[in-house]
Amino acid sequence: MGKITISTLDKMKASGEKFVCITAYDATFARIISDVGAETILVGDSLGMVLQGHDSTIPVTIEDMAYHTRCVCRANPQSLVIADMPFMSYSSTDQAMANATLLMQAGAHMVKLEGGTRLSATITSLVERGIPVCAHLGLTPQSVNVFGGFKVQGRTPKAAKSIRAEAVEIQDAGASLLVLECIPAGLAGDISSKLDIPVIGIGAGRDTDGQVLVMHDLLGLSTHTPRFVENFMTGQDSIQGGLRAFVDAVKSGAYPKDEHTYV
């Protein structure tokens with residue numbers, strides 16, 4: 001696998017080839033994930049839960065994210081590295097610019113922001129200054145207190161219409177990628193087919209351009225796993241085997257299955 005760029009992902013979308021994203025937080029796993037063929041690595045603020053022991057991503061700081069991004073990027077993975085902007089690190093365009101700069105200087109190739117229309121101006125400003133953006137719609141974990149828990153989004157006609165409209169606006173603002181989390185499979189497939197930019201799904205059905213899972217979840221290490229998670233260590237005798245099984249399942253279309261999706 002050569003060095004992956006956003007152009008690589010654009011070509012994969014155009015050809016209908018699925019791509020893979022797995023979270024990583026250190027050099028060792030970043031190297032392994034790249035070696036098994038995952039095109040993208042997400043340095044996720046999920047580290048707050050799987051590494052730090054919090055019950056949400058909210059306590060994670062920009063310093064935490066920069067540290068783990070540096071760790072991942074020191075492995076020099078072939079994968080494209082996306083770094084999460086943590087809670088309240090992009091409440092204004094100026095703040096977003098300063099904090100995204102820290103993550104890019106730590107080695108990230110792209111930053112990820114949770115939210116829709118309200119971020120359009122911020123996305124445009126970042127992209128104009130050379131900072132690629134991955135947006136995130138649907139269940140946005142940083143808004144868990146607003147949602148009243150980790151709940152599926154976009155199930156009503158009004159909510160689905162809003163997510164569709166925000167996806168288009170985010171693309172028009174300059175985002176290069178979009179994550180759709182915990183929305184009905186039909187809605188995610190519809191959005192993916194209408195957008196020019198690649199769409200990564202998590203709990204969003206099989207018709208997105210790529211799939212992402214938290215590494216600890218897919219390796220069966222988490223104490224609580226959402227409906228959309230499959231344990232890919234089943235039948236494997238190594239971590240590398242489990243990670244490779246996830247990559248192969250996404251690319252073949254074997255994952256996600258019907259039981260992993262919402263309607």
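In this predicted model, the structure contains one cavity of 30 Å³ or more. The volume of this largest cavity is about 40 Å³. Its lining consists of Cys21, Leu42, Ile82, Lys112, Cys134, Val179, Ile200 and Val212. Sorted by class, seven of the lining residues are nonpolar, none is polar and one is charged.

The protein chain is built from eleven helices and eight strands. Its radius of gyration is 17 Å, close to the 18 Å that the globule rule gives for 263 residues, so the chain is as compact as a globular protein of that length. The C-alpha trace spans about 45 × 40 × 40 Å along its principal axes. Of the 263 residues, 56% count as buried. Among contacts with a separation of 6 or more, 62% are accounted for by residues 24 or more positions apart.

Serine 79 lies in the loop between helix H4 (62–73) and strand S3 (80–84). Is this residue buried or exposed? Serine 79 counts as buried because its relative accessibility is 0%, and buried means under 20%. The side chain of serine 79 reaches the backbone oxygen of alanine 38 at 2.6 Å. Beyond its neighbours within four places in sequence, serine 79 is in contact with Met1, Ile4, Ser34, Ala38, Glu39, Thr40, Ile41 and His109.

Definitions and conventions. Residues numbered from 1 in each chain as written. Predicted model: local features only at pLDDT ≥ 70, side-chain atom pairs only at ≥ 80, totals over all residues. Heavy atoms only, no water. Helix = DSSP H or I, 4+ residues; strand = E, 2+ residues; numbered from the N terminus. Buried < 20%, exposed > 50% of the residue type's maximum accessible area, 1.4 Å probe, protein only. Polar contact = N/O pair within 3.5 Å; in protein donor to acceptor, adjacent residues only side chain to side chain. Contact = heavy atoms within 4.5 Å. 1 Å grid on protein atoms, 1.4 Å probe; cavity = no way out; pocket = protein on both sides within 12 Å on 5 of 7 lines; lining within 4 Å. Points joined across faces, edges and corners; volume = space filled by probe spheres on them. Nonpolar A, V, L, I, M, F, W, Y, C, P; charged D, E, K, R; others polar. Rg over C-alpha atoms; globule rule 2.2 N^0.38 Å.
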